Amino acid sequence: MLLPEHDFVKPATLAEGLAVLRDAPGDVRLLGGGTDVVFNMRCRLLTPDTLLSLKDLPELQGIAVLPDGSLQLGAACRLTDLVAATVLTERYPALVKAFRAVASRHVRNLATLGGNLCLDTRCWFTNQTKEWRDAKGPCLKTGKDVCHAIAGAPVCVALNNADSPPALIALEATVTLASSRGERRLGLQDFYREDGIRHTVLEPDEILTRVTIPPTTDRLVFLKETARQGMDFSYGAIAVRADGSGATASRLRIVLGSLTTAPRLLAGAAERLAVLGLGDDGLDAACATLRDELGPLTNLYSPAAYKRELARILLRKAVLELREMQA
Ligand SMILES: Cc1cc2nc3c(=O)[nH]c(=O)nc-3n(C[C@H](O)[C@H](O)[C@H](O)COP(=O)(O)OP(=O)(O)OC[C@H]3O[C@@H](n4cnc5c(N)ncnc54)[C@H](O)[C@@H]3O)c2cc1C
């Protein structure tokens, strides 16, 4: 499958890149490591006029500890480099586990943090070759007013299948978005939208430049369920963060990934565990909230009932793991 014809631009600075994004005619697509973009171009899901490479922009590089103890990660950092960074392995082993859960080493050698956070949503009916899609006909995402996954769905229900958002949202990470109009910073949980087509709040002239993680000594667990580790996208993933130690915690953040169009923060389950503790009573009460908190689920990739059960199992496993950890 040949790549569609396109221009390739490799700016030397962020300002230059932002100017290209603002001024270039036609569709400009940002390129991190290209592990998803290039694949989608080969499948003719994307046919940009211009690819704008961010990989070597100096402003998007590096891992830095800020004076207040926060950790700042450049959006163009390769996942391989994040997995190997001592400051991350020492402070946030569960976050490193999430980065390592992305695909294989070969993919992580190219893939960037920004690319993983902005990874397009995926659907069984869309992420196929052009010939396959042509046989089925277009959908909401590919230009027609119909959803093949859920008849009558008013909005695209493709899934956010990226592995790093749940752990970063649990850590209350923020993202910085730059454009030639200036910069804005927002919590990563507010970056995502429940819309498989416009799945983030990123504007067409914006680039995600860095991720900032506030300092914490809380416990964090990340789990991913998949068919083949080191190769496959997730069936479901969870990140659970808690203060305290053993079965005691007063503040928790629970985030599910890969089950819905945007990563899902489970406030009700977290509140149950904070009130009742991480023992069996708290865990049962937290699991009982899941059906309501998850709401209707699509049958994409697996039946909705399977997804609900998987969410329960992931929560149980994560909390059992948390109980064994000291803050
Ligand atoms: C075989 C295979 C297995 C995979 N398995 C997994 C998996 O298990 N888990 C997983 O999470 N992913 C998986 N992926 C998908 C992908 O490889 C990763 O998500 C990767 O992290 C994407 O990063 P990238 O830099 O290559 O992104 P790119 O392909 O360069 O970009 C992805 C998207 O992000 C946008 N983008 C990139 N950088 C920025 C930025 N700084 N600001 C704004 N937008 C930006 C691009 O325009 C594009 O829309 C897999 C891919 C393959 C080929």
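Mentor: Let us start with a term: a polar contact is a pair of N or O atoms within 3.5 Å. Please keep in mind that this is a predicted model.

Trainee: Understood. How far does a backbone N or O atom of Gly-32 lie from an oxygen atom of the ligand?

Mentor: The distance is 2.7 Å between a backbone N or O atom of Gly-32 and a ligand oxygen atom. Because the cut-off for a polar contact is 3.5 Å, this pair qualifies.

Trainee: How much of the ligand does the protein bury?

Mentor: Taken alone, the ligand exposes 980 Å², and the protein buries 90% of that.

Trainee: What are the distances from a ligand oxygen atom to Asp-36 and to Lys-224?

Mentor: A polar backbone atom of Asp-36 is 2.8 Å from an oxygen atom of the ligand. For Lys-224, an N or O atom in the side chain is 2.9 Å from an oxygen atom of the ligand.

Trainee: And how many residues surround the ligand?

Mentor: There are 33 residues around the ligand, and the closest are Leu-30, Gly-32, Gly-33, Thr-35 and Thr-112. By class, the shell has 19 nonpolar, nine polar and five charged residues.

Trainee: S2 interests me. What is the strand order in the open sheet of three strands?

Mentor: The order is S1-S3-S2, with parallel pairing. Strand S1 (7-9) and S2 are the edge strands, each pairing on one side only. Neighbouring strands of this sheet are turned by 25° against each other on average, with direction ignored.

Trainee: How many bridges join S1 to S3?

Mentor: Three bridges join S1 to strand S3 (residues 50-53), and the two run parallel. Within this sheet, Phe-8 stands opposite Leu-51 in S3.

Trainee: Then S8. Which strand pairs with S8 over four bridges?

Mentor: S5 pairs with S8, in the antiparallel sense. Leu-73 stands opposite Val-211 in S8.

Trainee: Leu-73 again, please. Which residue stands opposite Leu-73 of S5?

Mentor: That residue is Ile-63. Strand S4 (residues 63-65) and strand S5 (residues 71-74) pair in the antiparallel sense over three bridges. S4 and S5 form a hairpin with five residues between them, and Gly-69 in the turn has a positive phi of about 95°.

Trainee: Is Ala-103 buried or exposed?

Mentor: Ala-103 counts as buried because its relative accessibility is 19%, and the cut-off for buried is under 20%. Ser-258 is also buried, with a relative accessible area of 2%.

Trainee: Turning to H6, is His-106 buried or exposed?

Mentor: His-106, which is found in helix H6 (residues 105-108), counts as exposed because its relative accessibility is 65%. His-106 and Met-1 are 105 residues apart in sequence and 20 Å apart in space, C-alpha to C-alpha.

Trainee: Why is strand S10 largely enclosed by the rest of the structure?

Mentor: Seven of the seven residues of strand S10 (residues 236-242) are buried, so the strand is largely enclosed. Gly-236, Ile-238, Val-240 and Ala-242 point one way from S10, while Ala-237, Ala-239 and Arg-241 point the other way. In general, side chains in a regular strand alternate between the two faces of the sheet.

Trainee: How many bridges join S10 to S9 and to S11?

Mentor: Seven bridges join strand S9 (residues 219-225) to S10, running antiparallel. Six bridges join S10 to S11, which also run antiparallel.

Trainee: Which bridge partners do Arg-219 and Ala-237 have?

Mentor: The bridge partner of Arg-219 is Ala-242 in S10, and that of Ala-237 is Gly-257 in S11.

Note on methods: Residues are numbered from 1 along each chain as its sequence is written. This is a predicted model: local features need pLDDT of at least 70, side-chain atom pairs count only at pLDDT 80 or more; totals for chains, interfaces and linings use all residues. Side-chain values use heavy atoms; hydrogens and water are left out. A residue is near a molecule or strand if one of its heavy atoms lies within 4 Å of it. A polar contact is a pair of N or O atoms within 3.5 Å; within protein, one must be able to donate a hydrogen and the other to accept it, and residues adjacent in sequence count only if both atoms are side-chain atoms. Accessible areas come from the Shrake-Rupley method with a 1.4 Å probe; for residues, only the protein chains shown count as cover. Ala, Val, Leu, Ile, Met, Phe, Trp, Tyr, Cys and Pro count as nonpolar, Asp, Glu, Lys and Arg as charged, and the others, Gly among them, as polar. Two strands pair if DSSP finds at least two bridges between them. Axes are lines fitted to C-alpha atoms, for helices over the stretch in contact, and angles run from 0 to 180 degrees between N-to-C directions. Buried means under 20% relative accessible area, exposed over 50%, partly exposed in between (1.4 Å probe, protein chains only).
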